[in-house]
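Thank you for asking for a note on this structure. The points below are meant for a reader who is meeting it for the first time.

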Amino acid sequence: MVLKSCCIYSVGVVSVLMLILGISLVLTGVFPHLIQSVVKKEVVLKNGTDAFEAWEDPPAHIYMQFYFFNLTNPQEVLDGERPAVLEIGPYTYREYRPMEQIDFQDNGTKVTAVNTKTYIFQPNMSRGPESDLIRTVNIPAMTVMERFKNNPIIANLISAYMTGTGEGLFTTRTVGELLWGYEDGLLKALKRFRPELDDVFGLFYKNNASNDGEYVFFTGQQNYKDFSRVDTWKGESSLSWWTSDECNMINGTTGTSFHPVISKNEMLYIFSSDLCRSLYAAYEEDVTVKGIPGYRFVPPSSVFANLTVNPDNAGFCVPAGNCLGSGLLNISTCKQGAPIIMSSPHFYQADEKFVQDVFGMTPIKEQHQTAIDVNPLTGVVLQAAKRLQINVYVEKIPSFSQTGNVRTVVFPVVYINESAIIDDTAAKKLQAIVVQQNVVENIPFMLIGLAIIVGGVFMFLVCRQQAPESTAAERQPLLSS
């Protein structure tokens, strides 16, 4: 009987100990920290690792879509009216972007590579063929006019040439020409005097089947937060286009991968050679992509805000002090002087003035916001959409009659949606990791549940033991009588 009681109370003690252990494990987060420490060691750019394979050749299907803004009232614009544009697109290209010329350095702590990008037209995903015609601003002419507007003699000569050849402020070209290049008559004429000039112009001229220069990346071997972070680009650790050291910094990754163990309260930094600068994204919400949990990060409005809103952006005003307004970035300094202004599509998050200046602008967050969905444990990009708009700064230049009475306007040319989503094979691998994570992280809760069950068994055994004793005590008086 004594042995039986000892066994019963031993069950009770085990139940209490299991409960205490389970609660302690939950409060201290031992298992989540254990998983994180393992992932931190595994996610390194090193031959043979899954992280390296995904970095070398991204498993996601990447598409580049172009939406052009066709000008419908060219003569009215020259007379001083507001431009009216019609969005035409998408023109879709499959994008391939493997890392090439890979070379590990400094005992595996750094790796050099070039990111070659190739675009293949997808007719079945496009509005029409690359031969579709688009009327837009004549970017080569606008660039030349801006460059020589303060030199009256040369300006008059160029203006006379343009009049003779029929070149104007606007041009009609095919989608293929605007993207990949065409021989421009004005540039060809100027090349006779300046042989170094290229007489071919295209928004993405020389960008197909090419790369944007050599990168040196950290592998994450010494610090997991340095995984795939850019150390240098084109041999430089900083830029030289902007007017402050902070704005010239090269920060973060290229946006195709991030360090593991990401928290909601951190910023993700990205270096974009397209924008000639680094930027950052902040957590917005939890998401699920193909059954995989993720955090959505988006660039806040402060990234492109005017210096009155975000003083840190003062260095992006070029020349110094020349700020266009919130939501815009003048990248003419890194585009050979072309008056190119970058923004979000339809001037999303820009000053309302720029939306009202052009008829046909309808900014919508869901369609025009840049967003990156990242798995917080591994840092793998689940889904992403980089959305940018290429604009041209247009103004009346008295020495060029071709500008007529045009009002000063930031003229939208095309907006880009570069999107990617993780493929099914990579998703299945990640789903398995998520399942393992959930099982390991729930061990303390399983222990607590088991403790409750064992506690229930203990209570049942105690009650069962006391029941016969009570019955025996009741029967004893009856026997005595």
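The numbered points that follow take up the basis of the model, its strand pairing, its salt bridges and its surface patches.

1. This is a predicted model, in which local features need pLDDT of at least 70 and side-chain atom pairs count only at pLDDT 80 or more, while totals for chains, interfaces and linings use all residues. Residues are numbered from 1 along each chain as its sequence is written, and side-chain values use heavy atoms, with hydrogens and water left out.

2. Strand 3 and strand 4 run antiparallel and are joined by five bridges, where two strands are said to pair if DSSP finds at least two bridges between them. Helices (H or I, at least four residues) and strands (E, at least two) are DSSP runs, numbered from the N terminus. Phe 104 has Val 111, in strand 4, as its bridge partner. The hairpin of these two strands has four residues between the strands, and in it Asp 106 takes a positive phi near 50 degrees.

3. Strand 4 (residues 110-115) also pairs with strand 10, in the antiparallel sense and over five bridges; here Thr 112 has Val 216, in strand 10, as its bridge partner. Strand 10 is joined in turn to strand 11 (residues 230-233) by three bridges, and these two run antiparallel, with Trp 233 in strand 11 as the bridge partner of Tyr 215. Because four of the five residues of strand 10 (residues 214-218) are buried, this strand is largely enclosed by the rest of the structure. Buried means under 20% relative accessible area, exposed over 50%, and partly exposed in between (1.4 Å probe, protein chains only).

4. A search of the whole structure finds 18 salt bridges, each being a side-chain nitrogen of Lys or Arg within 4 Å of a carboxyl oxygen of Asp or Glu. One of them joins Glu 418 to Arg 97, with the closest N and O atoms 3.2 Å apart. This pair links distant parts of the chain, since Glu 418 is in strand 19 (residues 409-421) and Arg 97 is in the loop between strand 2 (85-96) and strand 3 (99-105), 321 residues apart. Both Glu 418 and Arg 97 are buried.

5. Asp 424 forms a salt bridge with Lys 290, the closest N and O atoms being 2.8 Å apart. Lys 290 counts as partly exposed because its relative accessibility is 33%. Salt bridges that share partners also join Glu 95, Arg 97, Asp 274, Lys 386 and Glu 418 into one network.

6. On the surface, Glu 42, Asp 50, Glu 53, Glu 56 and Asp 57 gather in a patch of negative charge. Patches are made of residues with over 30% relative accessible area and no salt bridge, like charges being joined within 9 Å and nonpolar side chains (Val, Leu, Ile, Met, Phe, Trp, Tyr) within 5 Å. Helix 3 (residues 50-56) gives the largest share of the negative patch, three residues. Asp 50 lies in this helix and, at 53% relative accessibility, counts as exposed.

7. Ile 153, Ile 154 and Leu 157 make a nonpolar surface patch of about 300 Å². Ile 154 lies in helix 6 (residues 152-165), and its 30% relative accessibility is why it counts as partly exposed.

Terms used. Areas by Shrake-Rupley, 256 points an atom, 1.4 Å probe, with all protein chains shown as cover. Lys, Arg positive; Asp, Glu negative; His and termini not counted. Charge placed at Lys NZ, Arg CZ, Asp CG, Glu CD.
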